[in-house]
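Let's take a walk through this model, one feature at a time. Have the viewer open and follow along.

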Amino acid sequence: MGAGLWAVVGDPNTDSGGDLTLSGDSKTGTVYINNIQVIVGQTDANADSLCPVDPTHCDPYSTEYSKSVFAYGIGAHRDTDSRVCGATTTVSGQSNVFVEV
(Lines give C-alpha, C1' and ligand atoms only; values in the text may rest on other atoms or scores of the structure.)
Protein backbone atom coordinates (compact mmCIF):
# COMPACT_ATOMS: atom_id res chain seq x y z
CA MET A 1 0.00 0.00 0.00
CA GLY A 2 1.07 3.54 -0.70
CA ALA A 3 0.18 6.83 0.88
CA GLY A 4 -1.48 10.02 -0.30
CA LEU A 5 -1.33 13.56 1.01
CA TRP A 6 -4.17 14.46 3.39
CA ALA A 7 -6.49 17.05 1.79
CA VAL A 8 -7.01 20.43 3.47
CA VAL A 9 -9.45 23.31 3.04
CA GLY A 10 -8.95 25.00 -0.33
CA ASP A 11 -7.59 22.01 -2.25
CA PRO A 12 -9.02 21.97 -5.82
CA ASN A 13 -10.05 19.10 -8.07
CA THR A 14 -8.71 17.85 -11.40
CA ASP A 15 -11.37 19.78 -13.34
CA SER A 16 -9.95 23.15 -12.22
CA GLY A 17 -11.56 24.82 -9.24
CA GLY A 18 -13.79 22.93 -6.85
CA ASP A 19 -11.92 24.16 -3.77
CA LEU A 20 -12.89 22.14 -0.66
CA THR A 21 -14.65 24.16 2.05
CA LEU A 22 -14.96 23.87 5.83
CA SER A 23 -18.36 22.16 5.77
CA GLY A 24 -20.10 18.78 5.87
CA ASP A 25 -18.09 16.17 7.77
CA SER A 26 -15.20 18.67 8.10
CA LYS A 27 -17.25 21.50 9.64
CA THR A 28 -15.71 21.06 13.12
CA GLY A 29 -12.43 22.48 11.81
CA THR A 30 -10.34 21.73 14.91
CA VAL A 31 -7.64 19.54 13.30
CA TYR A 32 -4.97 21.33 11.27
CA ILE A 33 -2.04 20.58 8.98
CA ASN A 34 0.32 23.54 8.64
CA ASN A 35 -2.39 25.86 10.04
CA ILE A 36 -5.04 24.71 7.52
CA GLN A 37 -8.07 22.63 8.55
CA VAL A 38 -8.11 19.02 7.33
CA ILE A 39 -10.80 17.49 5.11
CA VAL A 40 -12.60 14.29 6.10
CA GLY A 41 -15.45 12.20 4.68
CA GLN A 42 -18.08 14.00 2.64
CA THR A 43 -17.25 17.69 2.48
CA ASP A 44 -18.63 20.40 0.20
CA ALA A 45 -16.62 22.22 -2.43
CA ASN A 46 -17.02 25.33 -4.56
CA ALA A 47 -18.08 24.94 -8.19
CA ASP A 48 -15.40 23.87 -10.65
CA SER A 49 -14.82 24.87 -14.28
CA LEU A 50 -17.46 22.47 -15.69
CA CYS A 51 -20.36 24.10 -13.80
CA PRO A 52 -23.14 24.71 -14.95
CA VAL A 53 -22.78 22.42 -18.00
CA ASP A 54 -22.85 19.41 -15.65
CA PRO A 55 -24.72 20.21 -12.40
CA THR A 56 -22.59 17.75 -10.36
CA HIS A 57 -19.69 20.16 -10.92
CA CYS A 58 -21.57 22.98 -9.16
CA ASP A 59 -21.05 21.25 -5.77
CA PRO A 60 -18.26 18.71 -6.42
CA TYR A 61 -18.14 17.40 -2.85
CA SER A 62 -15.73 14.69 -1.70
CA THR A 63 -16.99 11.09 -1.72
CA GLU A 64 -13.95 8.90 -0.96
CA TYR A 65 -11.75 8.72 2.13
CA SER A 66 -9.36 6.59 4.18
CA LYS A 67 -10.64 3.55 6.03
CA SER A 68 -7.74 3.64 8.51
CA VAL A 69 -6.86 7.28 9.36
CA PHE A 70 -9.49 9.47 11.04
CA ALA A 71 -10.28 12.90 12.46
CA TYR A 72 -13.62 13.58 14.17
CA GLY A 73 -14.21 9.80 13.81
CA ILE A 74 -14.39 10.12 10.00
CA GLY A 75 -11.83 8.99 7.40
CA ALA A 76 -9.27 11.40 5.95
CA HIS A 77 -9.89 12.65 2.39
CA ARG A 78 -6.67 12.35 0.35
CA ASP A 79 -4.93 13.35 -2.85
CA THR A 80 -6.59 11.58 -5.82
CA ASP A 81 -9.70 10.60 -3.79
CA SER A 82 -12.98 10.89 -5.72
CA ARG A 83 -15.49 13.70 -5.94
CA VAL A 84 -19.20 13.27 -6.79
CA CYS A 85 -18.62 14.79 -10.24
CA GLY A 86 -16.01 12.20 -11.24
CA ALA A 87 -13.01 14.48 -10.72
CA THR A 88 -10.40 13.77 -8.04
CA THR A 89 -8.86 15.97 -5.38
CA THR A 90 -5.49 17.58 -6.07
CA VAL A 91 -3.75 18.34 -2.78
CA SER A 92 -1.91 21.64 -3.11
CA GLY A 93 -2.36 23.22 0.33
CA GLN A 94 0.17 21.06 2.16
CA SER A 95 3.06 18.76 1.27
CA ASN A 96 4.18 16.78 4.30
CA VAL A 97 1.33 14.79 5.93
CA PHE A 98 0.55 11.47 4.24
CA VAL A 99 -2.33 9.05 4.88
CA GLU A 100 -2.30 5.35 4.01
CA VAL A 101 -4.38 4.57 0.93
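Start with Gln37, which counts as buried because its relative accessible area is 18%, under the 20% cut-off. Keep in mind that this is a predicted model. Gln37 belongs to strand S3. What does Gln37 touch, once residues up to four places away in sequence are set aside? Its contacts are Val8, Val9, Leu22, Gly29, Val31 and Tyr32.

Now for the backbone. Most residues other than glycine have a negative phi, and most peptide bonds are trans. With that in mind, look at Asn35, which is not a glycine and yet has a positive phi of about 70°. You'll find Asn35 in the loop between strand S2 (32–33) and S3. Is Asn35 buried or exposed? With a relative accessible area of 73%, Asn35 is over the 50% cut-off, so the label is exposed.

Thr80 is another residue other than glycine with a positive phi, this one near 75°. Its loop runs between strand S5 (74–75) and strand S6 (98–100). Thr80 is exposed too, at a relative accessible area of 53%.

The peptide bond to check is the one joining Cys51 and Pro52: it is cis, with omega at about 10°. Pro52 sits in the loop between strand S3 (36–37) and strand S4 (70–71).

How many disulfides does a search of the whole structure find? It turns up one, formed by Cys51 and Cys58, with their sulfur atoms 2.0 Å apart. The torsion about that S-S bond is about 95°, so the disulfide of Cys51 and Cys58 is right-handed. Both ends get the partly exposed label: Cys51 has 25% relative accessibility, and Cys58 has 31%.

Cys85 itself is buried, with a relative accessible area of 13%.

Next, charges. Side chains of opposite charge can pair when their charged atoms come close. The structure holds one salt bridge, and its partners are Arg78 and Asp81, whose closest N and O atoms are 2.8 Å apart.

Finally, the rings. A search of the whole structure for aromatic pairs comes back with zero. There is still a ring worth a click, though: the charged end of Lys67 sits over the ring of Tyr65, 4.7 Å from its centre.

Note on methods
Residues are numbered from 1 along each chain as its sequence is written. This is a predicted model: local features need pLDDT of at least 70, side-chain atom pairs count only at pLDDT 80 or more; totals for chains, interfaces and linings use all residues. Side-chain values use heavy atoms; hydrogens and water are left out. Rings of Phe, Tyr and Trp (its six-membered ring) pair if their centres lie within 6.5 Å; planes under 30 degrees apart count as stacked, over 60 as edge-to-face and the rest as tilted. A charge sits over a ring if NZ of Lys or CZ of Arg is within 6 Å of the ring centre and within 35 degrees of the ring normal. A disulfide is a pair of cysteine sulfur atoms within 2.5 Å. Buried means under 20% relative accessible area, exposed over 50%, partly exposed in between (1.4 Å probe, protein chains only). Helices (H or I, at least four residues) and strands (E, at least two) are DSSP runs, numbered from the N terminus. Contact means heavy atoms within 4.5 Å. A salt bridge is a side-chain nitrogen of Lys or Arg within 4 Å of a carboxyl oxygen of Asp or Glu.
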